[in-house]
Amino acid sequence: MQMSGAQMIIEALIAEDVNTVFGYPGGAIMNVYDEIYKQNGFEHILARHEQAAIHAAEGYSKVTGKVGVAMITSGPGFTNAVTGLADAYMDSIPMVVISGQVPMSLIGTDAFQEIDAVGISRSCTKHNYLVTDAKDLPRILKEAFYIAASGRPGPVHVDVPKDVTAQIEEFVYPESVDIPTYKPHTKGNKRQIRKAVDAIAAAKRPLFYLGGGIINANAAMEVREFVKMTGIPAVETFMARGTLRYDDPLLISMLGMHGSYAANMAMSETDLVIGLGARFDDRVTGKLSEFAKHAGVIHVDIDPASISKLVNADYPIVGDVKGVVEEMIELAKESVDPERYTPWVETVDHFDKLHPLRYNEDTANIKPQWVIERVGQLLGDDANISTDVGQHQMWAAQFYPFTRPRQWISSGGLGTMGFGFPAAIGVKRGAMDKISINFTGDGSILMNIQELMTAVEKKLPVINIILNNNYLGMVRQWQTLFYDKRHAETDLSVQPDFVMLAQSFGGVGYVVRTKEEFDAALKDAIEKNVVALIDVKVERLENVLPMVPSGGSLFNMMLLENKKES
Amino acid sequence: MQDERRVISVIVANEASVLSRISGLFSARGYNVVSLTVAPIPDSEYSRLTIVTMGSVRVIEQITKQLHKLIPVLRVTESKEMIEKEMVLVKFPITEDLSDISVLANAYNGKIANVSEDTIIVMIADEPTRVEHFLTAIKRFHPIEIVRGGTVAIER
């Protein structure tokens with residue numbers, strides 16, 4: 001069938017079973033928006049800033065497991081989107097982002113709203129394309145979706161000049177993809193898997209180190225089974241929250257810079273790290289030379305470049321974690337005896353009893369951690385939890401009772417303030433049956449506050465819970481601890497009236513100073529079913545603890561008892 | 001860990017911007033490039049890049065893995081068993097001892113490539129270590145300009 005490049009894009013999105021596109025129109029992408037106007041195959045959600053459009057598509061992708069799709073124009077439209085692309089790249093989120101570009105004849109002339117988009121996105125995408133002929137569009141779009149979702153997932157950027165979207169060509173959407181240079185390795189080596197299981201059976205103090213790759217691979221149920229049958233304790237990375245249920249007796253907690261004492265001590269004492277879809281990030285390992293010093297390392301990852309990048313793997317297994325764990329379960333049935341690890345589990349439990357994750361209710365003010373716990377008690381499994389970046393994000397990771405994979409949506413790798421609210425909008429769109437909560441801070445929420453409009457217009461009632469300490473809290477914490485309390489530019493005492501702010505967009509707002517007020521506000525926001533800002537005035541100088549100072553060893557933690565804010 | 005010199009041969013699809021993907025990878029991750037050559041492979045849709053780099057064993061391993069991760073990269077070969085050659089062009093003043101220069105060039109698989117009123121241009125092609133020796137030896141003939149072609153290599 002003959003059609004324009006713009007129509008081809010619409011047809012390809014429908015063929016890829018896309019039902020939501022987040023975006024923002026502009027000059028170079030107008031031909032495509034004209035076709036969006038005419039079609040009814042998917043819904044377009046107009047964000048109020050291109051960065052937010054990308055974050056919303058990320059949130060949608062994370063909660064549904066589908067490829068997130070966003071559309072933007074050239075020049076500033078694209079550059080606004082770069083933060084989102086980088087965020088998706090760091091957290092391995094499958095995305096296809098289509099941008100308009102100036103017509104081919106103007107490329108390289110410094111035309112209005114021209115920027116070398118593929119030159120910029122090259123280092124923050126899994127792959128990118130500049131489409132120079134509409135004949136290539138069907139193949140490129142098919143490849144884009146395939147590359148985004150296969151192997152280690154990531155964002156793919158497709159830049160389409162305006163004249164290419166107008167060009168009329170024959171459209172046949174390919175049924176399959178053939179990229180001779182791209183063949184992701186998904187099946188783990190059988191011999192290596194056997195050796196790894198033998199190592200588990202021989203270990204005395206093995207430890208599961210669960211990473212976000214498990215969520216991406218939809219392997220959480222297999223991992224839950226594996227943990228249960230082996231009786232081996234497990235720590236989760238920040239990205240892996242929700243892999244095990246919060247009340248799984250073998251889940252210790254999160255490890256790393258703000259991990260629990262028990263999780264970090266277990267990692268320091270283990271004799272065999274069983275790494276599944278985790279990448280030994282610096283926020284997890286602390287000082288590398290001291291990390292899991294006494295341990296052998298099994299490392300299962302779909303990305304060969306992640307293996308032995310930072311920590312040498314004794315049992316490297318390249319493959320899809322779901323299939324590898326299935327094979328490991330079969331082998332472990334014969335060789336692994338859970339009772340072998342009972343003394344080790346007792347040791348870990350002892351660590352946890354010594355210094356559990358907790359906070360002091362020592363003031364009249366609401367403690368931020370209490371808010372997280374309270375939402376967990378009231379909503380639990382009924383909510384999906386997005387966050388912005390900072391102290392509130394760490395408290396959410398520490399204290400929310402996660403029950404399922406894809407319940408936790410947060411910017412881990414890039415640490416993007418402003419991620420949470422638009423992501424929560426995408427999360428709500430992807431899971432209308434759940435309450436979409438965004439835990440945020442008084443710093444982060446202002447970085448994409450314009451999305452109140454999107455949420456109101458599209459009736460996506462995200463509940464933003466602002467843990468308001470009148471500080472850029474995490475930076476303030478570092479200044480307190482490492483910069484002799486010189487709080488440079490982190491005092492955010494000058495603030496908007498969040499209630500009026502929400503109301504002016506057509507949402508609802510609440511100021512909360514007591515626990516009773518919090519319960520009432522949350523209940524009312526859920527009943528009102530519109531976008532909400534709940535401004536919770538919390539203890540100003542609370543620190544996130546435990547804390548492994550940057551570059552320190554995991555076992556050298558600042559703990560609650562040792563560090564009291566003055 | 002000791003830095004080692006390594007030659008990496010990369011076969012890539014002939015497409016726009018593939019060279020910038022590779023050079024961008026080296027700059028973004030802080031890897032060294034000693035030399036880089038690229039040319040199409042005859043009768044195919046691929047090109048071959050030959051990259052000479054320095055790094056520890058771990059860094060070299062990362063470089064090959066990261067290269068392979070790029071979508072248009074078909075194959076990455078990193079081996080100590082490479083036959084390496086590099087071509088060099090050198091321009092001398094015509095007033096230097098031409099017969100000595102000619103003999104020296106001959107010894108390094110080379111010859112006089114061009115002579116003009118003021119200058120003489122010599123080309124040689126040899127293994128990288130021998131190229132270094134040649135470049136040391138010609139210093140006394142006051143070379144005006146030296147153009148190195150970068151290493152090309154083929155697996156033994």
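Before I start: two strands pair if DSSP finds at least two bridges between them. Helices (H or I, at least four residues) and strands (E, at least two) are DSSP runs, numbered from the N terminus.

I'm looking at a predicted model, where local features need pLDDT of at least 70, side-chain atom pairs count only at pLDDT 80 or more, and totals for chains, interfaces and linings use all residues. Residues are numbered from 1 along each chain as its sequence is written, while chains are lettered from A and ligands numbered from 1 in the order in which they are written.

**Entry 1, the sheet.** I began with β2 (residues 20-23) of chain A, which runs parallel to β3(A) and is joined to it by four bridges. One bridge I looked up links A:T20 with A:E43 of β3(A). Then I traced the whole sheet: it is open, has six strands in the order β3-β2-β4-β5-β7-β6 (chain A), and the pairing is parallel. β3 (43-46) and β6 (127-130) of chain A are at the edges with a single partner strand each, so one side of each has no neighbour in the sheet. From one strand to the next, the twist averages 20 degrees (angles run from 0 to 180 degrees between N-to-C directions, and axes are lines fitted to C-alpha atoms, for helices over the stretch in contact).

I moved on to helix α8 (residues 190-202) and helix α13 (residues 321-335), both of chain A, whose axes come within 9 Å and cross at roughly 50 degrees. I listed who touches whom (in contact means C-beta atoms, placed from the backbone, within 7 Å): α8(A) brings residues including A:I193 and A:V197, and α13(A) brings residues including A:M328 and A:L331. By type, the contact of α8(A) with α13(A) has nine nonpolar residues, one polar and three charged (Ala, Val, Leu, Ile, Met, Phe, Trp, Tyr, Cys and Pro are nonpolar, Asp, Glu, Lys and Arg charged, and the others, Gly among them, polar).

Last, I checked A against B: the contact takes 14 residues from chain A and 16 from chain B. Which element gives the most on the side of chain B that touches chain A? I found that α2(B) does, with five residues. That side of chain B splits into seven nonpolar, five polar and four charged residues.

Terms used
Contact = placed C-beta atoms within 7 Å.
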